[in-house]
Amino acid sequence: MNTAKPLILLTNDDGVCAKGLNELLSMIASLGDVVVMAPNAGRSGSACSITPNIPVRYSLVEEREGVTVYQCTGTPVDCVKLALEQVLPRTPDLVVSGINHGDNASVSVFYSGTMGAVFEGCMKGIPSIGFSLCSCMPDADFSACEPYVRQIAGRVLEKGLPEDVCLNVNFPALKKLKGVKTVRMARGVWGSEWVSAAHPKQEKCFWLTGSFTNLEPEAEDTDLWALERGYVSVVPVRMDVTATRAIAQLKDLEAL
């Protein structure tokens with residue numbers, strides 16, 4: 001591995017065989033040496049979960065000039081933790097996750113295994129980016145994402161990110177994109193989240209599903225607004241989730 005080149009850690013939550021991960025690998029391979037540590041199967045919706053009660057294993061999948069690919073039995077966060085502490089020769093210059101099959105806009109960022117890996121990299125002080133496409137199809141077309149992935153990742157490698165900040169980048173599922181909008185996360189909510197199904201033992205059984213409602217459809221500074229109009233949405237996400245404006249309002253708790 002060339003120590004003069006940037007070192008990039010790549011992961012995802014759709015699994016090491018997912019098209020989005022392998023397309024992203026091709027897009028960023030020229031930016032530096034890339035080590036992939038990805039789940040051995042899909043881990044969608046795993047958020048920031050870890051595997052505390054059973055052993056986690058990893059194995060080599062492929063090795064070629066400038067690219068090493070591993071698969072891991074754990075979650076996306078496990079993948080990042082394991083790579084940083086046990087696999088990589090040094091701290092990477094960039095952590096990249098995706099490209100996710102399905103968007104992670106608005107409140108979906110809280111459920112996303114793709115972004116869970118990004119948060120882990122950011123908490124470790126490493127510039128970190130999550131990329132997602134607004135299509136859940138296994139054979140989704142990622143070609144329109146390439147120039148934006150390279151430009152955004154290249155910019156972060158060159159200039160870094162503010163302390164305690166990572167990026168949540170989402171792409172519309174379109175052949176041609178209008179450009180980039182740096183925006184905020186839209187307020188939204190998931191509802192009607194369970195569908196009952198038959199069970200062979202006659203027990204109650206439910207599938208997680210849901211419908212999403214944008215709570216501020218008229219706002220023109222959100223990720224959902226940008227995506228609906230054909231723009232790439234870039235949301236800077238801060239890891240310190242303290243509601244600082246509420247501290248003064250809750251000072252009376254100190255008298256309890």
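Which side chains meet in a salt bridge at 3.2 Å, N to O? They are those of Asp93 and Arg90. The legends below belong to a predicted model, in which local features need pLDDT of at least 70, side-chain atom pairs count only at pLDDT 80 or more, and totals for chains, interfaces and linings use all residues. Residues are numbered from 1 along each chain as its sequence is written, and side-chain values use heavy atoms, with hydrogens and water left out.

**View 1. The salt bridge of Asp93 and Arg90.** A salt bridge here is a side-chain nitrogen of Lys or Arg within 4 Å of a carboxyl oxygen of Asp or Glu. Asp93 is partly exposed, at a relative accessible area of 33%, and Arg90 is partly exposed as well, at 28%. (Buried means under 20% relative accessible area, exposed over 50%, and partly exposed in between, with a 1.4 Å probe and protein chains only.) The structure holds eleven salt bridges.

**View 2. The salt bridge of Lys175 and Asp141.** The closest N and O atoms of this pair are 2.8 Å apart. Lys175 lies in the loop between strand 7 (165–171) and strand 8 (180–182), and Asp141 in the loop between strand 6 (128–133) and helix 4 (146–159), so the pair ties together parts that are 34 residues apart in sequence. Helices (H or I, at least four residues) and strands (E, at least two) are DSSP runs, numbered from the N terminus. Lys175 is exposed, with a relative accessible area of 71%, whereas Asp141 is partly exposed, with 38%.

**View 3. A salt-bridge network with Lys81, Glu120 and Lys124.** Salt bridges that share partners join these residues into one network. In one of them, the side chains of Lys81 and Glu120 meet at 3.0 Å, N to O. Lys81 belongs to helix 2 (residues 76–87) and Glu120 to helix 3 (residues 113–123), so this pair ties together parts that are 39 residues apart in sequence. Lys81 is partly exposed, with a relative accessible area of 35%, while Glu120 is buried, with 5%.

**View 4. Helix 3 and its surroundings.** Ten of the eleven residues of helix 3 are buried, among them Met115, Val118 and Phe119. The buried residues of the helix pack against strand 1 (7–11), helix 2, strand 5 (94–101), strand 6, strand 7 and strand 13 (232–238).

**View 5. The two ends of helix 3.** At the start of the helix, a side-chain oxygen of Ser112 reaches to within 3.1 Å of the backbone nitrogen of Thr114. Just after the helix, Gly125 takes a positive phi of about 85°.

Key: Contact = heavy atoms within 4.5 Å. Polar contact = N/O pair within 3.5 Å; in protein donor to acceptor, adjacent residues only side chain to side chain.
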